[in-house]
Every structure is written in structure tokens, then in C-alpha cells.
Amino acid sequence: MKLPKEIKLYCKKCGTHTPHTLKEFKRRQTRGLAWGERVKRRYKLKGYGANKIKAHRTTAVYKQNKKPTFVARCSVCGAQTYFVIPKRMKKVELVTV
Ligand SMILES: [Zn+2]
């Protein structure tokens, strides 16, 4: 799917519709001391079998595609919001119109 790089969205700060620039959302690196990471490490120490069972339970492996998420930045005030397309798709391209 092709999307324009600049779209008009409602800005909470401005109170009106303003042009927003889209940027691909990237997940941050997980904290090493977070609870989920500690559990993962514990199961890794226990051996391959245990690790496999836990991994299967926690992560959704069966879904191949992700719902594309973007960070929309207001061109007037610079406020940032998330812009999500609620549909799974293989590929999304941002195109300048
Ligand atoms: Zn704004």
C-alpha cells in the first residue's frame, strides 16, 4: 500500500486539522532488567525445551504481518501522535505526492 508522506489530521494542541508528516514507528530496545526479560533469561538457563514452551506462549509467532504504525508530527506546533492503520499488510510505502 502507498501512503502520502504528508496528511491532514486533527491536532489536539492546535484544535484544528493541520498537515502532519508521517514517520515510521520503531520499537525501542527492551530494558534488560524489565520483568519479561528476566523471565526469558531464567527459562533460557533451564534449557532448550523450557525455553521453547515459554517462547511459544508469550510471542505471537503465527501472525506474519503487522499493523503499520506511524508517528505523525504536526507541522504547526510539533506535537506528536500515533497514526495506526487497523489492518494487517505486508508492505507500506511512504510516497511524496
Ligand atoms: Zn498542532
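What we have on the screen is a predicted model, in which local features need pLDDT of at least 70 and side-chain atom pairs count only at pLDDT 80 or more, while totals for chains, interfaces and linings use all residues. Residues are numbered from 1 along each chain as its sequence is written.

Let's begin with the overall layout. The chain has 2 helices and 6 strands; these are DSSP runs, with helices being H or I of at least four residues and strands being E of at least two, numbered from the N terminus.

How much of the chain is buried? Of its 97 residues, 5% count as buried. Buried here requires 20 or more other C-beta atoms within 10 Å of a residue's own, exposed is 12 or fewer, and partly exposed lies in between, with C-beta atoms placed from the backbone.

Strand β4, residues 69-74, runs antiparallel to β5, and 5 bridges join them. We say two strands pair if DSSP finds at least two bridges between them. β4 and β5 make a hairpin with 5 residues between them, and in the turn you can find Gly78, with a positive phi of about 85°. Strand β5 itself, residues 80-84, is hardly covered, as the count of buried residues among its 5 residues is 0.

Strand β3, residues 17-24, pairs with β4 in the antiparallel sense over 5 bridges. There, Glu24 stands opposite Phe70 in β4.

Finally, please find Leu3, in strand β1, residues 2-4. Is Leu3 buried or partly exposed? Leu3 counts as partly exposed because it has 16 C-beta neighbours inside 10 Å. Leaving aside neighbours within four places in sequence, Leu3 is in contact with Leu22, Val92, Glu93, Leu94 and Val95, where contact means that the C-beta atoms, placed from the backbone, lie within 7 Å. Leu3 and Leu94 are 91 residues apart in sequence, yet their C-alpha atoms are 4.9 Å apart in space. For the chain, among contacts between residues at least 6 apart in sequence, 57% join residues at least 24 apart.

Key: Two residues are in contact if their C-beta atoms, placed from the backbone, lie within 7 Å.
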